[in-house]
Amino acid sequence: MIDTYTRLLEKTAELGDEQAADAAVTKLILHLKSAGHMKMLPRVVRELKKVVARRKALQPIVEVAREEDSAAALLAAAREGVVAEHAIVNPALIRGWRARGAGKTVDRSAKRALAAIYQKIIA
Amino acid sequence: MESIIERIEREIAAWTPDAGSEETGIVRATGDGIVEIDGLSNVAMSEMVLFDATFDRTLAEALKDSSPIYGLILNLEEDGVRAVILGDAAKVHEGMLVRRLGRLLSISVDESLIGRVVSPLGEPVDGKGATGAKEVRPIEREAYGIIDRSSVNTPLHTGIKAVDAMIPIGRGQRELIIGDRGTGKTSIAIDTILNQKSEPAATRPICIYVAIGQKESKTAKIVAELAERGAMEYTVVVTAPASAPAALQFLAPFTGATIGEYFMEQGKDALVIYDDLSKQAVAYRQMSLLLRRPPGREAYPGDIFYLHSRLLERAAKLSKEKGGGSLTALPIIETQESDVSAYIPTNVISITDGQIYLEADLFNKGQRPAINVGISVSRVGSAAQTKAMKKVSGKIKLELAQFRELEAFMQFSSDLDADTKKQIDAGRRMTEVLNQGRGVPLPFEMETAIIFAATNGYLDTVSAIDIKTVEAKLQDYLFREAAGVLMAIKESKEVREESEKTLREKLDAFVARHLTPAM
């Protein structure tokens, strides 16, 4: 049931209607009170926090090796379907950029290229 | 040094950035070798994924430990997928990037695997370096259909008299070896592999021994024995030891079947031994419970029957149009307290084309192999039995069954008539003749000659206790004195009139020379 309640609140939140979301929470609390299942509420909250964390992890992200490459990288990533507001500098990439979001990863970094060459040679 | 630099420069020059993007997911949770993944919404069931340990590390860190960790997708769920880790689960952590590989779990196979010991992923574990196998094949595939098959018509000799005479196995058959712990199941399988050495190289089956959940010391011992006896020349060993993750133990038989199928499709004969499927079932149960699939009888998942049926159905004798190759399967099942009516044993009994049932009581009485003839059966093997063996073995099974009944009756009655006593003596003698130690499989023609001698009264003057000594002498004698007739039986696969006549003469001479009245 916890899963069902979590999913219900998640779907309601996705609608973007604050009032509807408030009403859903109120109704859920009333229902749990009447059914004597109030102890479920903290677990529902825990599950909702997990959903938020998961969504955050899946949010589009663009990383660049150098600050000056940001604009070009954001543009290139958007062309690949990963739209982010700003890029994060990650020197570990050595050169180039990479983007993750919408269930895919585009990696145009030198780090990836060097790792791939290394794997190919030692294989 | 220069060649290395040259090679690297070549690779750099040839490298082009990936034009497209790849589908990836993020590890949400991991534990007990199971991973929950967010994303990968288009991934397919049984698809391979790669846990990318390089993504969130610097290049230097990533190259220090660059061994890939693969996963196998087994659950597609509403809000993500679940996979099993095929490797070191400790290296997979929350937040790790997971790449979709776009291919089903596959291994590389070809002739270079012969003589090697490999893991269920086809990676060598014998310290002899890469196998160099080229052809990539998915380990799960649909079995051949009716049109592509032909009936089982060629025998697969095990070199074990009791099996070849009473429970013959044909090439392409699935014959279950079932029994309690320590009753000689593996011995039958290993003897069968060893016996293939006596087959002509052109028709010798390639043997694949799949060790599932075994102690590594036991597998090492078996490999050493096979190597010592020259059997690794035509054998591949797939090992998923007890220390391996459950996922690898579950996959090992499918790897064995894939290797066997490769040779079958080359028009060759292959023999695959699954030692044992009980342990595979236990590994699959563990995985299924961790994947939160609903448990059924004995806590096994609902598709445990399908797991074994889809594996064993891959054993086949192909039609001439398909090359005429074959894949014979000898699955092994370990019973608990001789309970053949447990879930897994009944499942596998119903799938296979017969079973060799080994009994602990017979084993403890000294019978080797400890086969219970009464409930052992080969449903299709008799069609493949050679004329020679058919002719000499004739009614052994029936006579032995009658002997067992009389033997049981004898416990209650001390006074027996002469006929009954004679029958009991004959039964005891035959039991002794069929007794055979471990690791001494006999060539088919020698088996035929020995059984011929036993069923035609040449050993009637010998008491059951002396049979072993006399048989050893007889074998030695036949090797020396009757090589011609043995060769004729081997080549023609039958006991023709002239061969029978010569064999009788030789046996008469043996009786006259060795079986003096004092014996």
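Predicted model: local features only at pLDDT ≥ 70, side-chain atom pairs only at ≥ 80, totals over all residues.
Residues are numbered from 1 along each chain as its sequence is written, and chains are lettered from A, with ligands numbered from 1, in the order in which they are written. Helices (H or I, at least four residues) and strands (E, at least two) are DSSP runs, numbered from the N terminus.

**Chain B overall**

- Chain B holds 17 helices and 17 strands, and its C-alpha trace spans about 90 × 55 × 45 Å along the principal axes.
- Of the 519 residues in chain B, 49% are buried, where buried means that 20 or more other C-beta atoms, placed from the backbone, lie within 10 Å of the residue's own, exposed means 12 or fewer, and partly exposed is in between.
- Among the contacts in chain B with a separation of 6 or more, 73% join residues 24 or more positions apart, a contact being a pair of residues whose C-beta atoms, placed from the backbone, lie within 7 Å.

**Helix 5 of chain B**

- Helix 5 of chain B (residues 216-228) has 13 residues and reaches 18 Å from its first C-alpha to its last, close to the 18 Å expected at 1.5 Å a residue, the expected span being 1.5 Å times one less than the number of residues.
- Thr219(B), Ile222(B), Val223(B) and Leu226(B) are buried in helix 5 of chain B, and seen down the axis of this helix its buried residues fall within an arc of 100 degrees, so they line one face; the arc is that of the directions from the helix axis to the C-beta atoms.
- An α-helix has 3.6 residues a turn, so residues three or four places apart point the same way.
- The buried residues of helix 5 of chain B pack against strand 8 (117-118), helix 4 (185-195), strand 11 (206-212) and strand 12 (235-240) of chain B, whereas the face turned away from the buried side carries the exposed residues Ser217(B), Lys221(B), Ala224(B) and Glu228(B).
- Just after helix 5 of chain B, Gly230(B) takes a positive phi of about 75 degrees.

**Contact between chains A and B**

- The contact takes 21 residues from chain A and 23 residues from chain B.
- On the side of chain A that touches chain B, the elements giving two or more residues are helix 3 (40-57), strand 4 (104-109) and helix 5 (110-122) of chain A, and helix 5 of chain A gives the most, with nine residues.
- The residues of that side of chain A divide into eleven nonpolar, three polar and seven charged, with Ala, Val, Leu, Ile, Met, Phe, Trp, Tyr, Cys and Pro counted as nonpolar, Asp, Glu, Lys and Arg as charged, and the others, Gly among them, as polar.
- Strand 4 of chain A and strand 1 (residues 22-31) of chain B run antiparallel and are joined by two bridges, strands being paired if DSSP finds at least two bridges between them; Thr105(A) stands opposite Glu22(B).

**Strand pairing within chain A**

- Strand 1 (residues 61-64) and strand 3 (residues 96-101) of chain A run antiparallel and are joined by four bridges, and Ile61(A) has Arg100(A) as its bridge partner.
- Strand 1 of chain A also pairs with strand 2 (residues 87-89) of chain A, in the parallel sense over three bridges, and Val62(A) has Ala87(A) as its bridge partner.
- The chain crosses from strand 1 through helix 4 (residues 70-79) to strand 2 of chain A in a right-handed β-α-β crossover, meaning that, with the strands pointing away from the viewer, the path from the first strand over the helix to the second runs clockwise.

- Most residues other than glycine have a negative phi, and most peptide bonds are trans.
- The peptide bond from Asp275(B) to Asp276(B) is cis, with omega near -5 degrees, and Asp276(B) is in the loop between strand 13 (269-275) and helix 7 (277-290) of chain B.
- The peptide bond from Arg368(B) to Pro369(B) is cis, with omega near -15 degrees.
- Ser338(B), a residue other than glycine, has a positive phi near 60 degrees, and it counts as partly exposed because it has 16 C-beta neighbours inside 10 Å.
- Pro345(B), in helix 9 (residues 343-351) of chain B, counts as buried because it has 22 C-beta neighbours inside 10 Å.

Notes:
Contact = placed C-beta atoms within 7 Å.
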